[in-house]
Amino acid sequence: MVDSGGVSRLGHMKALLGVLAGAGASYGIYKLVTGEVFQRKQKGGGSGRPPGCSVQGQVQETVQPGSLLAKLSGLDVVRTKGAVVRDVQEEIDSKSPGTLNRENIKMLLWCLQTSSEQTDRCRVLVTLGNAAAFSAHQDAVRELGGLPLIARYLSDPAADVRVQTLNALNNLSMNLKNQDVLKVYIPQVLELIETSPVNSNLQLAALRLLTNLSAADVCHHLLRDSIRLLLSLLVVSSQVLQIQTLKVLVNLSSNPDLMDDIVQATVPASVVLLFDLQTAPAVLQRLLAFAGNLKAWTPSSPVAAELRSRQDCLYRVLLDPSSTLHSRLVQLLAHPDQDIRAHVAHVLL
């Protein structure tokens with residue numbers, strides 16, 4: 001026969017098992033936030049401290065009273081992940097991006113990988129992107145392993161999520177150390193440009209990211225095969241996309257090591273028609289900068305002869321003596337914009 005104390009203990013154990021069965025998700029959430037399972041003290045009944053999740057060191061971080069981690073550790077097990085994510089997001093949204101700390105960044109990364117709703121993922125990515133405008137946060141995201149975590153959403157089924165992923169990575173790519181990590185995603189970004197609808201937000205966001213990544217030549221070798229795609233975009237896209245595409249082309253054409261690849265790229269013959277008085281000044285200025293970089297390149301005689309035999313390469317369309325570019329540049333000397341006239345004169349020299 002079981003005494004009343006045994007019955008009571010048995011009842012408590014059943015209740016505990018019921019709570020544990022429903023707490024699996026909450027425990028998983030808690031484990032993600034802390035980075036590792038808490039080390040429980042074997043004596044004294046106290047709880048251990050969660051180790052820090054910095055990649056660069058073994059810094060120990062305590063759970064501060066009233067902090068987000070402390071609040072999360074006391075969550076009711078019946079709450080849904082989505083509700084927790086939104087609560088955390090609302091608390092972080094109440095702060096300005098510049099005042100966020102390392103714990104806030106850690107929580108945002110947890111929210112991102114925990115969110116099951118498209119709107120929640122977009123919201124977290126927007127917040128991360130805003131925070132990434134600050135250099136300290138750029139470092140924190142990298143040190144917390146956040147760059148590959150964010151880049152994972154480049155293949156999200158929702159277009160809006162992919163756009164916000166690109167926007168967040170764009171701000172994060174303003175950091176040279178981050179660029180070294182993010183360059184491996186260039187082929188995926190190029191694929192997004194090629195497969196997305198022309199003039200879509202996806203194309204624009206992807207081109208903005210490539211603009212930052214191509215600012216330094218560390219990533220240029222990964223963009224050798226993108227020249228044809230970029231030149232094709234010039235003749236079919238809107239003014240906004242033309243400007244962004246030309247920013248990338250100007251960056252690439254400033255690297256002498258890439259010039260052979262650029263001039264041999266297949267290009268629509270209609271590219272030369274963009275050198276026109278009716279072309280938007282913002283587009284024309286960058287076109288002229290690109291043409292100026294091309295003009296500074298001098299091919300060897302064998303290379304020039306080989307390029308002239310190809311009717312559809314950039315050299316034949318813009319640089320060969322048979323090109324109409326020269327006559328079109330002469331017409332642009334009558335452009336009303338003084339800066340454009342100066343650019344034209346420089347290219348003609």
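First, the ground rules. Because the model is predicted, local features need pLDDT of at least 70, side-chain atom pairs count only at pLDDT 80 or more, and totals for chains, interfaces and linings use all residues. Residues are numbered from 1 along each chain as its sequence is written, and side-chain values use heavy atoms, with hydrogens and water left out.

On confidence, pLDDT is the predictor's confidence in each residue, from 0 to 100. The protein has a mean pLDDT of 81, with 76% of its residues at 70 or more. Over residues 4-63 the pLDDT stays under 50, and the model has 58 contacts beyond four places in sequence for that stretch. Residues 70-79 are also below 50, with 18 contacts in the model beyond near neighbours in sequence. A contact here means heavy atoms within 4.5 Å.

Now the overall picture. The protein has 20 helices and zero strands; these are DSSP runs numbered from the N terminus, helices being H or I of at least four residues and strands E of at least two. Of the 349 residues, 46% are buried. Buried means under 20% relative accessible area, exposed means over 50%, and partly exposed is in between, with a 1.4 Å probe and protein chains only. The accessible surface comes to about 17,400 Å², and 54% of that belongs to carbon and sulfur atoms. That area is from the Shrake-Rupley method with a 1.4 Å probe; for residues, only the protein chains shown count as cover. Taking contacts between residues at least 6 apart in sequence, 68% join residues at least 24 apart.

Next, helix α11, residues 186-195. Its buried residues are Ile186, Val189, Leu190, Leu192 and Ile193. They lie on the same side of α11, because they cover an arc of only 155 degrees around the axis. That arc is taken from the directions from the helix axis to the C-beta atoms. What do the buried residues of α11 pack against? The partners are α9 (159-172), α10, α12 (201-213) and α13 (227-234).

Helix α10, residues 176-182, contains Asn178. With a relative accessible area of 0%, Asn178 is buried. Leaving aside residues up to four places away in sequence, Asn178 touches Gln138, Arg142, Leu147 and Leu172. With Arg142 there is a side-chain polar contact of 2.9 Å. A polar contact is a pair of N or O atoms within 3.5 Å; within protein, one must be able to donate a hydrogen and the other to accept it, and residues adjacent in sequence count only if both atoms are side-chain atoms.

Arg142 also belongs to a network of salt bridges with Arg102, Asp139 and Glu143. A salt bridge is a side-chain nitrogen of Lys or Arg within 4 Å of a carboxyl oxygen of Asp or Glu. The structure holds nine of them. Arg102 and Glu143 meet at 3.2 Å, N to O. That pair links distant parts of the chain, with Arg102 in helix α5 (residues 102-114) and Glu143 in helix α7 (residues 135-143), 41 residues apart. Arg102 counts as partly exposed, at 26% relative accessibility.

Glu194 and Arg228 form another salt bridge, at 3.4 Å, N to O. This one joins α11 to α13, the two residues being 34 apart. Is Arg228 buried or partly exposed? Arg228 is partly exposed, because its relative accessibility is 39%.

Last, Asp320 forms a salt bridge with Arg316, the closest N and O atoms being 3.8 Å apart. Asp320 is buried, at 6% relative accessibility.
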